[in-house]
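Please look over the structure below and read the notes that follow.

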Amino acid sequence: MAELSGAERVRSREGGVAAYLRRVWAVAEKDVRAEMRSKEVVGTMAAFALLAAVVFGLAFDLRVPRPELVVPGILWVIVLFAGVLGLHRSFGSEVERGTLAGLLLAPVERSAIFLGKAAANLLYFLIVEALLLPALLILFDVNLIEPFILLGLFLGTVGYVGVGTLFAALTSRNRAKETLLPVVLLPVLAPLFISGVGLTSVILDNRGTAEVWPWVGIIGLYDALVFAIAFLLVDVIWEQI
Amino acid sequence: MSTLSRATDTDRWFMSLLVFDAIAVLAMAVVTWAGLLYAGDAVNLAGVEQVAQRIFYFHIGSNIAALLGFLGSVVGSIGYLVSRRMAWDRWAAASVEIGTVFGILVLLSGAIWAKPAWNTYWTWDPRLTTASITVLIYIAYMLFRNGFDDAETRARFASVYAMFAFLSVPLTYYSARLFRSIHPIVFDGGNEEAQGGFAIGPTMGQTLTMAMIGFALLFFALLFHRVRQLAFEDRLNAVQERVYE
């Protein structure tokens, strides 16, 4: 047994949870490192998010008496649209460079590739959201940096990234590619979007934390189901390269 | 006659399908008659609202057909993922296509009725939200299928997408329900804030049953035709491929 090389030991897929998480981390780290060199995704997403905030400001400022009425919607619409922009690069760049086959041939589980990519995307989303929230505070004078909004935004982003990464893998094989991603993604995200807006509104209206928990519950349930189905079906996606 | 006999040679279901078509058409004629003439007026409504109430039979009928389409897509997709036989995928695809048509009819008939009853064509009631999102998912599903050249990849990926759709539809309903609802719940009677509701009399109940059966028959007639057509298409593609080789 001592004869096994490092690669062979990984291929045998032993080592329990810790080893599995190391493989997830390897994929995530690869993506983040490529992103740090190419700066393709986060910069574009952040620029789009800020631009969209300004556009919404221009669109609503003259017509809406209290910005609190529209800011929950604005926050989630921007997250939704900026996310689509970044997600398709997750597999799009791999397909363009022909590195997807290499990644799939690597001695890791398909679910680890999926989770690693999702983790990298989660990081990108959180960076963009960290820039977006202060921007909305400045433009609309509405403070969204509240514990429950942050919790809802984090859980919502986790679910979004789960579905989004999987759908990015699905559409990367489709002829329409990035054009199609928002069309297939947005209707499936409806529960997240409705709950996100609902939760944010409850906090902004000061309706008390008792009304927050049902929304958190729906988002949490969505996240759990998304990752459960993703784990079941992720092998189906890459059955053949 | 010669075309008919040639068709029966290649496709043993053709004659039974023709009979089934006739039954479905007849059933829909009965539904139309019952919905417009046989069913009694809703006594608690008056004027335009009383007339508009009759769209209810077509609304619920289409709704049953759309629901069958949704179930068909889920069953077909699970069937494909488990068995990997293309026939299941054809059932899923055909269910979605026909379910979409009926889903759009549900939305349109609802909007036409809602204008006199609610004084607005549209509101973000949970049922309306869920129905519209489901139709959008169906449309996305069809566009998604359209972009794959390889039939097997298409079947696999479409099945995965249908699973996520299946998960998100009930959650859409529950999240939208946390907002206030004004859609009448005719069979449960429990919605205090519902507007345009009515109690069901005997002729209305019979008409409703007829509508559900009639629309279900129409759905299955269209479904069988579409599945058969897709099977022919696949066979044609297979023959073409062999010829090119």
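## A buried threonine

B:Thr130 is buried, because 22 other C-beta atoms lie within 10 Å. Buried means 20 or more other C-beta atoms within 10 Å of the residue's own, exposed means 12 or fewer, and partly exposed is in between, with C-beta atoms placed from the backbone. B:Thr130 sits in helix α6 of chain B. Helices (H or I, at least four residues) and strands (E, at least two) are DSSP runs, numbered from the N terminus.

Leaving out residues up to four places away in sequence, B:Thr130 touches B:Val169, B:Thr172, B:Tyr173 and B:Ala176. Contact means that the C-beta atoms of two residues, placed from the backbone, lie within 7 Å. B:Arg177 is 47 residues from B:Thr130 along the chain, and their C-alpha atoms are separated by 9.7 Å.

## Basis of the model

This is a predicted model, in which local features need pLDDT of at least 70 and side-chain atom pairs count only at pLDDT 80 or more, while totals for chains, interfaces and linings use all residues. Residues are numbered from 1 along each chain as its sequence is written, and chains are lettered from A and ligands numbered from 1 in the order in which they are written.

## Chain B overall

Chain B has eight helices and zero strands. From the N terminus, its elements run α-α-α-α-α-α-α-α. Of its 245 residues, 36% count as buried. Take the contacts in chain B with a separation of 6 or more: residues 24 or more positions apart account for 74% of them.

## Where the chains meet

The contact takes 26 residues from chain A and 25 residues from chain B. On the side of chain B that touches chain A, two or more residues each come from α6 (126–146) and α7 (151–177) of chain B. The largest share, 15 residues, comes from α7(B). By class, this side of chain B has 19 nonpolar, five polar and one charged. Ala, Val, Leu, Ile, Met, Phe, Trp, Tyr, Cys and Pro count as nonpolar, Asp, Glu, Lys and Arg as charged, and the others, Gly among them, as polar.

## A helix pair across the contact

Helix α9 (residues 190–204) of chain A packs with α7(B) at an angle of about 20 degrees, and their axes are 8 Å apart. Axes are lines fitted to C-alpha atoms, for helices over the stretch in contact, and angles run from 0 to 180 degrees between N-to-C directions. α9(A) and α7(B) are therefore roughly parallel to each other. Angles under 35 degrees count as roughly parallel, over 145 as roughly antiparallel, 65 to 115 as roughly perpendicular and the rest as oblique.

The crossing of α9(A) and α7(B) is left-handed. Left-handed means that the near helix is turned anticlockwise from the far one by less than a right angle, and right-handed means clockwise. A:Ala190, A:Pro191, A:Ile194, A:Ser195 and A:Gly198 in α9(A) meet B:Ser168, B:Leu171, B:Thr172, B:Ser175 and B:Ala176 in α7(B). This contact has five nonpolar, five polar and no charged residues.

## Helices α2 and α6 of chain A

The axes of helix α2 (residues 16–38) of chain A and α6(A) come within 7 Å and cross at roughly 50 degrees. The two helices, α2(A) and α6(A), are therefore oblique to each other. Their crossing is right-handed. Residues in this contact include A:Tyr20, A:Arg23 and A:Asp31 of α2(A) and A:Lys117 and A:Leu123 of α6(A). By class, the contact has twelve nonpolar, one polar and three charged residues.
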